[in-house]
Amino acid sequence: MRISPVTFVMLCLLCSPLPVQGAEQAMDKLLPAPACADGWIMDGKVTLYDKDTLFDRINGESELYFPYGFEKLAYARYENKKDPKIAVDPDLYAMGSLLDAFGMFANYRRKDSDAAAVGAEGMISSSQMLFYQDRYLVRLQVTGATTIGREVLLACGKAIAQRLPRNTGRPGELDAFAVPAVIKKSERYIASSLLGYEFFRRGLIADAVLGKDEAQVFLVPERSPDASNAAFDRYHAYLTAGGTALQVSGAPGRRALEAVDPLYGNVVVQQSGRFLAGAVRVKDRAAAKQLVEQVLARAGKE
């Protein structure tokens with residue numbers, strides 16, 4: 001049976017994927033125009049910055065963003081219609097991934113910050129707001145005044161969030177720290193040299209309570225078990241070269257280490273598959289080993 005050209009075109013249209021709601025748009029379209037909230041009007045147009053020009057916007061901070069896959073920044077100014085000297089300035093960063101956006105958010109977040117119900121996670125005060133959604137980090141800052149009503153910042157933030165991809169979940173990697181001992185809002189993602197050691201290429205770290213004491217727990221997700229073994233070996237060699245007494249048990253693929261790290265005190269580390277997990281500044285090694293095992297068990301479920 002022959003198909004007419006018109007029928008063929010119609011079939012192609014029907015078979016084509018429909019546009020995804022909230023799909024990524026050009027960066028200059030992600031900041032709402034002409035206003036972000038009632039009475040707060042965009043002054044001029046959106047300005048874009050890339051890796052070569054980011055320092056023009058945030059000189060002194062730009063280098064912090066590069067390890068987290070920074071691609072572009074969109075900036076605009078929304079003036080108060082009644083008093084143009086007062087404005088809300090949003091900075092919208094396109095980062096490398098959801099985890100990278102979280103990593104930058106966590107660099108600025110404080111445990112005592114007030115939560116903002118926008119994006120995957122947000123924080124707010126009377127002068128600024130910060131949140132992330134999908135691979136985007138959004139910072140809103142009040143200029144020309146010390147404070148304004150939080151409802152304005154929240155309205156502008158939500159207007160931006162509506163233009164971003166609809167992924168409002170937190171990074172799945174954080175599930176590894178969903179254990180009772182880990183202090184909420186203390187999780188961070190370090191995109192380069194976790195603990196300052198280049199052999200821990202990247203990883204997650206959080207504060208934890210072990211009995212009456214505090215420690216820090218970390219997770220290094222490597223590309224493969226071989227890479228995880230190599231990281232374990234390099235840490236072992238580093239401690240040995242420093243003359244540290246240590247205990248190692250198990251075989252490659254499932255090893256454990258206890259030692260005194262010259263920078264972080266008592267440390268326990270376990271390697272399982274492509275993951276390394278450990279705890280530093282430990283006083284109760286038995287409790288620390290239990291925590292590390294819990295983190296590894298959850299990490300292995302991804």
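The model is predicted. It contains 1 disulfide, and a search of the whole structure finds 17 aromatic pairs.

**Helix α5**

- Helix α5 comprises 12 residues, 150-161, and at 1.5 Å a residue should span 16 Å; its end C-alpha atoms are 16 Å apart, which agrees with that expectation.
- The buried residues of α5 are V152, L153, C156, G157, A159, I160 and A161.
- The cover over these buried residues includes strands β1 (35-37), β2 (40-42) and β6 (87-94).
- Also included in that cover are β8 (121-124), β9 (128-133) and β10 (136-143).

**The disulfide**

- A disulfide joins C36 and C156, with the sulfur atoms 2.0 Å apart.
- The link of C36 and C156 is right-handed, with 40 degrees about the S-S bond.
- C36 counts as buried at 7% relative accessibility, and C156 counts as buried at 0%.

**An edge-to-face pair: F102 and Y132**

- Among the 17 aromatic pairs is that of F102 and Y132, whose ring centres are 5.8 Å apart and whose planes stand at 70 degrees, so the pair is edge-to-face.
- F102 is in helix α4 (residues 98-108) and Y132 in strand β9, so this pair ties together parts that are 30 residues apart in sequence.
- F102 is buried, with a relative accessible area of 0%; Y132 also counts as buried, at 0% relative accessibility.

- The ring centres of Y235 and Y238 are 6.4 Å apart and the planes lie at 15 degrees, so the pair is stacked.
- Y235 and Y238 are 3 residues apart in helix α6 (residues 225-241), a separation of about one helical turn.
- An α-helix has 3.6 residues a turn, so residues three or four places apart point the same way.
- Y235 is buried, with a relative accessible area of 3%, whereas Y238 is partly exposed, at 29%.
- Ring pairs link Y235 and Y238 with Y197, F199, F200, F218 and Y264 into a cluster.

**Arginines over tyrosine rings**

- R57 lies over the face of Y75, at 3.9 Å from the ring centre.
- R139 lies over the face of Y108, at 4.2 Å from the ring centre.

Key
Residues numbered from 1 in each chain as written. Predicted model: local features only at pLDDT ≥ 70, side-chain atom pairs only at ≥ 80, totals over all residues. Heavy atoms only, no water. Helix = DSSP H or I, 4+ residues; strand = E, 2+ residues; numbered from the N terminus. Expected span 1.5 Å × (residues − 1). Buried < 20%, exposed > 50% of the residue type's maximum accessible area, 1.4 Å probe, protein only. Contact = heavy atoms within 4.5 Å. Phe/Tyr/Trp six-rings, centres within 6.5 Å; stacked < 30°, edge-to-face > 60°. Lys NZ or Arg CZ within 6 Å of the ring centre and 35° of its normal. Disulfide = S-S within 2.5 Å.
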